Amino acid sequence: MRLSVYICSRSPKVSGVALFLSDFERPVTEKLAKGDVFSDPSQGGLSCSSTGRVIVSASATMDKGGEEVISEARSLVFKSLKVRRLVDRPSQSVIYAVYSQRLDKNEDSNNSRFKSALCAVHVDEFATAADK
């Protein structure tokens, strides 16, 4: 197994936040033994922290569904790993949710097609269109 940690800190819509996404890949020998060379586990961990003043731009989506900021296929067709950003203005927070989707729930011991984790940071400022 190979563990990777990705650091994502550049976003034109939310500044001052660093995302840390952990992920792992199965060794080629395990993929060959299972006859599944084109996919990796579809789960990841997520953490976030502020790296300075957290400023949400006026162009950031305020919709309840948020917006997808990272999307990665984990197999040719059946699995994906995604990160969504949600802005919660009343609590002055930005929430990041990592989740995986798979078509076959039987691949998981919990018989679930979805896994998720989230983190949040406090927002220091909500920019307005006039601030541009």
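So, Cys48 and Cys119: both of them are buried. Keep in mind that what we have on screen is a predicted model. In that model these two cysteines form a disulfide, with 2.4 Å between their sulfur atoms. How many disulfides does the count come to? The link between Cys48 and Cys119 is right-handed, with 135° about the S-S bond. Now look at where the two ends sit: Cys48 is in strand E3 and Cys119 is in strand E7, so the bond ties together parts that are 71 residues apart in sequence.

Okay, on to the core. The largest nonpolar core has 19 residues, and Val17, Val56 and Tyr96 are the ones with the most contacts inside it. Which elements give two or more residues to this core? They are strand E2 (14-25), strand E3 (45-56), strand E5 (79-88), strand E6 (93-102) and strand E7 (114-122). You'll notice E3 and E7 again, the strands that hold Cys48 and Cys119.

Let me zoom in on Val17. If we skip residues up to four places away in sequence, Val17 touches Cys8, Ser9, Cys48, Ser49, Thr51, Val54, Tyr96 and Val121.

Next, a couple of serines. Ser57 is in the loop between E3 and strand E4 (67-73). Is Ser57 buried or exposed? Its relative accessible area is 15%, and the cut-off for buried is under 20%, so Ser57 counts as buried. Its side chain makes a polar contact with the side chain of Ser59, at 2.9 Å. Setting aside neighbours within four places in sequence, Ser57 is in contact with Pro12, Lys13, Met62 and Ala127.

The other serine is Ser80, over in strand E5. Ser80 is buried as well, because its relative accessibility is 14%. From Ser80 to Tyr99 you go 19 residues along the sequence, while the C-alpha to C-alpha distance is 8.4 Å.

Last stop, Gln92, in the loop between E5 and E6. Why bring up its backbone? Most residues other than glycine have a negative phi. Gln92 isn't a glycine, and yet its phi is positive, near 55°. As for accessibility, Gln92 has a relative accessible area of 38%, so we call it partly exposed.

How values were computed
Residues are numbered from 1 along each chain as its sequence is written. This is a predicted model: local features need pLDDT of at least 70, side-chain atom pairs count only at pLDDT 80 or more; totals for chains, interfaces and linings use all residues. Side-chain values use heavy atoms; hydrogens and water are left out. A nonpolar core is a set of buried Ala, Val, Leu, Ile, Met, Phe, Trp, Tyr and Cys residues joined through side-chain atoms within 4.5 Å. Buried means under 20% relative accessible area, exposed over 50%, partly exposed in between (1.4 Å probe, protein chains only). Helices (H or I, at least four residues) and strands (E, at least two) are DSSP runs, numbered from the N terminus. Contact means heavy atoms within 4.5 Å. A polar contact is a pair of N or O atoms within 3.5 Å; within protein, one must be able to donate a hydrogen and the other to accept it, and residues adjacent in sequence count only if both atoms are side-chain atoms. A disulfide is a pair of cysteine sulfur atoms within 2.5 Å.
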